[in-house]
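These are my notebook entries on a structure that was new to me. I record what I looked up, entry by entry.

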Amino acid sequence: MDSIFHEKQEGSLCAQHCLNNLLQGEYFTPVDLSSIAHQLDEEERMRMAEGGMASEEYRTFLQQPSGNMDDSGFFSIQVISNALRVWGLELILFNSPEYQRLMINPINEKAFICNYKEHWFTIRKLGQQWFNLNSLLTGPELISDTYLALFLAQLQQEGYSIFVIRGNLPECEAEQILGIMRVHQQQRPRLIGEDEAQTSMGYVSAARRRPDPTELLTPVFTASRTSASQVQTDAGFVVEDEDEELKRALALSRQDMDVEDEEADVRRAIQLSMQGDGINGVIYRSRSTNTGSEEDQQQESSQ
């Protein structure tokens, strides 16, 4: 669906892609995140300097590279947290005892940010449906409500840290559109450079979602099943038109009624035919009887 903003992977800028996919727009650039990282580095330096600028700890700190960013484009959780704070958003660790005690169903949340081996990606609800907005994928991936909890559990087993997003996310076009309609995904996205990624990255297995068990019961729409009531998008989604679906259902119902009426007419015609044969037989036999009696009367009169 074209209205869903999905930034694909460039270099190691997954933190930027994660944030922009979460906020559904080009809200942050590498320069913006670098500025936040430098600010965090300066705050850490000032805290270390409080122990004495001549101390061994301070000199060692100055010689170490930044823990908030590197030349590849990696940014730390502190950078992401500070960037989200600008929009009044908060990160809560999903598997923390405090959060788990709340017993909140994941489908009632708004979004999640996942991290493993310096890779960040977003899972977000748009309208009433969940999407995996991993920048390593060729496009957004639809996740059913049934599968969401299983997907999060799978990520945890694979070593991912998962954070719940709390606060009001900025309004976006996809949220408005998907708030009044639902989509089905015809073809799931693939990993960008999937073959190369499988041999060079350790986090690829988690980037590809295992088949949704609910799809074994409900087949995914195929192009041959796309009708006039389904609008196919470039992203592999099919938008269902509920009014057209209702019209089709009523038409099918009328067809069934017509078939039943035709079958009833045929049965009545057969019954009438059988009754007609019976009446004709009675009339024929009656005539034979009358003819016989007239012949008998003629024979008696001649005698």
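Entry 1. I located Asn134 in the loop that runs between strand E4 (129-132) and strand E5 (141-143). I am working from a predicted model. Asn134 has 0% relative accessibility and therefore counts as buried, the cut-off being under 20%.

Entry 2. I consulted the UniProt record, an unreviewed entry, whose "active site" annotation covers Cys14, His119 and Asn134. I then asked how far apart their C-alpha atoms are. No two of them are more than 9.6 Å apart although the residues span 121 residues in sequence, so they gather at one spot.

Entry 3. I turned to Cys14, which I found in helix H1 (residues 14-23). With a relative accessible area of 4%, Cys14 is buried. Setting aside residues up to four places away in sequence, I listed its contacts as Gln9, Glu118, His119, Trp120 and Ser135.

Entry 4. I examined how helix H2 (residues 30-49) packs with helix H3 (residues 56-63): the angle is about 160 degrees and the axes are 9 Å apart. Because angles over 145 degrees count as such, H2 is roughly antiparallel to H3. The crossing of H2 past H3 is left-handed. From H2, Asp41, Glu44, Arg45, Met48 and Ala49 meet Glu57, Tyr58, Phe61 and Leu62 of H3.

Entry 5. I looked up Ile104 in the loop between helix H5 (97-100) and strand E2 (111-116). Ile104 counts as partly exposed, at 29% relative accessibility. Apart from neighbours within four places in sequence, Ile104 contacts Tyr99, Glu109 and Arg166.

Terms used: Residues are numbered from 1 along each chain as its sequence is written. This is a predicted model: local features need pLDDT of at least 70, side-chain atom pairs count only at pLDDT 80 or more; totals for chains, interfaces and linings use all residues. Side-chain values use heavy atoms; hydrogens and water are left out. Axes are lines fitted to C-alpha atoms, for helices over the stretch in contact, and angles run from 0 to 180 degrees between N-to-C directions. Helices (H or I, at least four residues) and strands (E, at least two) are DSSP runs, numbered from the N terminus. Angles under 35 degrees count as roughly parallel, over 145 as roughly antiparallel, 65 to 115 as roughly perpendicular and the rest as oblique. A crossing is left-handed if the near helix is turned anticlockwise from the far one by less than a right angle, and right-handed if clockwise. Contact means heavy atoms within 4.5 Å. Buried means under 20% relative accessible area, exposed over 50%, partly exposed in between (1.4 Å probe, protein chains only). UniProt positions are given in the numbering used here, feature names are shortened, and annotations may be inferred rather than shown by experiment.
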